[in-house]
Amino acid sequence: MDLQEISDRLEIEDLMVSYCYAIDSSNWDALDDVFTADALIDYSEMVGVRGNLAQIKAFLAGSLSQVAGFQHAISTTQLRFEGDLARGRTVCFNPITIKKENGEKQVMFMGLWYRDTFVRTPQGWRIRERYEERAYTHNVPPGLLPVD
């Protein structure tokens with residue numbers, strides 16, 4: 001690896017962490033610094049929605065209000081560089097606490113891979129395409145996941 005690739009890898013790692021913190025703190029506007037304006041974000045395998053950045057921000061704001069807490073933990077990113085474009089696959093472990101109708105809380109787990117296309121922009125690296133690929137789930141209440 002040369003110094004440019006090392007720098008690119010660190011910038012993309014920081015970008016991925018910024019995504020996790022934006023989601024976990026419900027700071028939807030922070031996603032503007034993570035994705036390109038024309039990004040395609042596909043959560044269809046995990047939660048049944050796919051759209052552009054504005055549509056996904058609206059979906060997250062509306063759908064995560066019933067969630068009492070969550071934490072996106074990422075690791076083992078694999079990157080392939082093609083000039084100012086990079087393709088990546090990253091593991092995410094996501095424990096989630098939801099509020100049930102009876103007032104009780106339930107903890108569930110989701111394991112997934114982020115499959116991303118990153119592009120270098122004048123503002124730094126951004127995600128142009130994101131696909132969430134389901135690996136496993138545990139203790140998810142009926143009706144929360146899209147039908148396979």
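**Helix α3**

I started with helix α3, residues 53-63. Leu 53, Ile 56, Lys 57 and Leu 60 are buried there. I take buried as under 20% relative accessible area, exposed as over 50%, and partly exposed as in between, with a 1.4 Å probe and protein chains only. Helices (H or I, at least four residues) and strands (E, at least two) are DSSP runs, numbered from the N terminus.

The arc is that of the directions from the helix axis to the C-beta atoms. I then checked the face turned away from the buried side, which carries the exposed residues Ala 54 and Ala 58.

**Ground rules**

I am working on a predicted model: local features need pLDDT of at least 70, side-chain atom pairs count only at pLDDT 80 or more, and totals for chains, interfaces and linings use all residues. Residues are numbered from 1 along each chain as its sequence is written, and side-chain values use heavy atoms, with hydrogens and water left out.

**Helix α1**

I looked up the span of α1 next. The helix has 22 residues and reaches 32 Å from its first C-alpha to its last. That is close to the 32 Å expected at 1.5 Å a residue. The expected span is 1.5 Å times one less than the number of residues.

I listed the buried residues of α1: Asp 8, Ile 12, Leu 15, Met 16, Tyr 19, Cys 20, Ala 22 and Ile 23. They cover an arc of only 165° around the axis, which puts them on the same side of α1. On the other side, Leu 3, Leu 10, Glu 13, Asp 14 and Tyr 21 are exposed.

**Aromatic pairs**

I found 4 aromatic pairs in the structure. Rings of Phe, Tyr and Trp (its six-membered ring) pair if their centres lie within 6.5 Å; planes under 30 degrees apart count as stacked, over 60 as edge-to-face and the rest as tilted.

Why is the pair of Tyr 19 and Phe 35 edge-to-face? The ring centres are 5.9 Å apart and the planes stand at 85°, so the pair falls in that class. The pair links distant parts of the chain: Tyr 19 is in helix α1 (residues 3-24) and Phe 35 in strand β1 (residues 35-42), 16 residues apart. Tyr 19 is buried at 2% relative accessibility. Phe 35 is buried too, at 3%.

I then turned to Phe 93 and Phe 109, which form a stacked pair, 5.6 Å centre to centre with 15° between the planes. Phe 93 lies in strand β5 (residues 85-99) and Phe 109 in strand β6 (residues 105-121), so the pair ties together parts 16 residues apart in sequence. Phe 93 is partly exposed at 33%. Phe 109 is also partly exposed, at 28%.

Tyr 19, Phe 35 and Tyr 114 form one aromatic cluster. I checked for charges over these rings. A charge counts if NZ of Lys or CZ of Arg is within 6 Å of the ring centre and within 35 degrees of the ring normal. The charged end of Arg 130 sits over the ring of Tyr 19, 4.2 Å from its centre. Arg 130 also lies over the face of Tyr 114, at 3.8 Å from the ring centre.

**Strands β4 and β5**

I went back to β5 for its partner. Strand β4 (residues 73-82) and β5 pair in the antiparallel sense over 8 bridges. Two strands pair if DSSP finds at least two bridges between them. Ala 73 stands opposite Phe 93 in β5. The hairpin has 2 residues between the strands, and Gly 83 there takes a positive phi near 70°.

**Positive phi elsewhere**

Most residues other than glycine have a negative phi. I noted two exceptions. Ser 26 has a positive phi of about 55°. Ser 26 lies in the loop between α1 and β1 and is partly exposed at 39%. Asn 139 has a positive phi of about 65°. Asn 139 lies in the segment after β7 (124-138) and is partly exposed at 41%.

**Arg 134**

Last, I looked up Arg 134 in strand β7. Arg 134 is buried, with a relative accessible area of 18%. A polar atom of its side chain lies 2.6 Å from the backbone oxygen of Glu 45.

Definitions and conventions
A polar contact is a pair of N or O atoms within 3.5 Å; within protein, one must be able to donate a hydrogen and the other to accept it, and residues adjacent in sequence count only if both atoms are side-chain atoms.
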